[in-house]
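The sequence and the model are shown first.

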Amino acid sequence: MANERTLAIIKPDAMEKGIIGDIVQRMEEHNLKVIGGKMLKLTKERAEGFYAVHKGKPFFNDLAKFMSSGPCFVLCLEGEGAIIRWREVMGATNPEEAAEGTLRADFGTDIQCNAVHGSDSAETARFEVSYFFEPHELVQYEWM
């Protein structure tokens, strides 16, 4: 597997639960290195831009409203097979369908309030990382 980057978002529902540390710990336990991170309060317009691929779908407005309802912690992760690895750590989008021990099974409450977001492909990851980070905000360092 190739070394790659992916975007992770700790969503407002997880922020409200105070579980940033638990989530970052799981990232690191799965050899996902944090190379960028920032706390943001998205405007509805910025959330709509990020989720533009879903525009016109029935859940789009509710998703943008939810993602702008409180702070998010946005991270760029790096590692071998980072996109798939992060998706495995997150679990299925619907917490009721997520495997035991995944973040969404442990911390999600429904399909929208599912604690975390992750890129679903290399192309999406490139867009999503660049949506939130300038190149100089991503820091390379020796790790493990």
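Glu123 is exposed, with a relative accessible area of 62%; exposed means over 50%, buried under 20%, and partly exposed in between, with a 1.4 Å probe and protein chains only. Glu123 belongs to helix α7.

## Basis of the values

This is a predicted model, in which local features need pLDDT of at least 70 and side-chain atom pairs count only at pLDDT 80 or more, while totals for chains, interfaces and linings use all residues. Residues are numbered from 1 along each chain as its sequence is written, and side-chain values use heavy atoms, with hydrogens and water left out.

## Overall fold

The protein chain has seven helices and four strands. Helices (H or I, at least four residues) and strands (E, at least two) are DSSP runs, numbered from the N terminus. In order from the N terminus, the elements read β-α-α-β-α-α-β-α-α-β-α. The radius of gyration is 14 Å, close to the 15 Å that the globule rule gives for 144 residues, so the chain is as compact as a globular protein of that length. That radius is taken over C-alpha atoms, and the globule rule is 2.2 Å times the number of residues to the power 0.38.

Along the principal axes, the C-alpha atoms fill a box of roughly 40 × 35 × 25 Å. Among contacts between residues at least 6 apart in sequence, 77% join residues at least 24 apart; a contact means heavy atoms within 4.5 Å.

## Surface and charge

Of the 144 residues, 48% count as buried. The chain exposes about 7600 Å², and carbon and sulfur atoms supply 51% of that area. Accessible areas come from the Shrake-Rupley method with a 1.4 Å probe; for residues, only the protein chains shown count as cover.

There are 16 positive and 23 negative charges, and their mean positions are 5 Å apart. Lys and Arg count as positive and Asp and Glu as negative, while His and the chain ends are not counted. Each charge is placed at NZ of Lys, CZ of Arg, CG of Asp or CD of Glu.

## Helices with one buried face

In α5 (residues 82-90), the buried residues are Ala82, Ile83, Trp86, Val89 and Met90. Seen down the axis of α5, they fall within an arc of 130 degrees, so they line one face of the helix; the arc is that of the directions from the helix axis to the C-beta atoms. These buried residues pack against β1 (3-10), α2 (20-29), β3 (72-80), α6 (103-107), β4 (116-118) and α7 (122-132). Gly91 follows α5 and has a positive phi, near 90 degrees.

In α4 (residues 60-67), Phe60, Leu63, Ala64, Phe66 and Met67 are buried. Their arc, seen down the axis of α4, is 165 degrees, so these residues line one face of the helix. They pack against β1, α1 (12-17), α3 (44-50) and β3. In α2, the buried residues are Ile23, Val24, Arg26 and Met27. These cover an arc of only 155 degrees around the axis, which puts them on the same side of α2.

Most residues other than glycine have a negative phi. Asn31 sits in the loop between α2 and β2 (33-40) and is partly exposed, with a relative accessible area of 39%.

Ala115 also has a positive phi, near 75 degrees. Ala115 is in the loop between α6 and β4, where it is buried, with a relative accessible area of 0%.

## The loop between α5 and α6

Thr102 lies in the loop between α5 and α6. Thr102 is buried, with a relative accessible area of 8%. Leaving aside neighbours within four places in sequence, Thr102 is in contact with Arg26, Glu88, Val89, Met90 and Gly91.

Glu100 is also in the loop between α5 and α6, but Glu100 is exposed, with a relative accessible area of 82%. The C-alpha atoms of Glu100 and Leu32 are separated by 20 Å, and the two residues are 68 apart along the chain.
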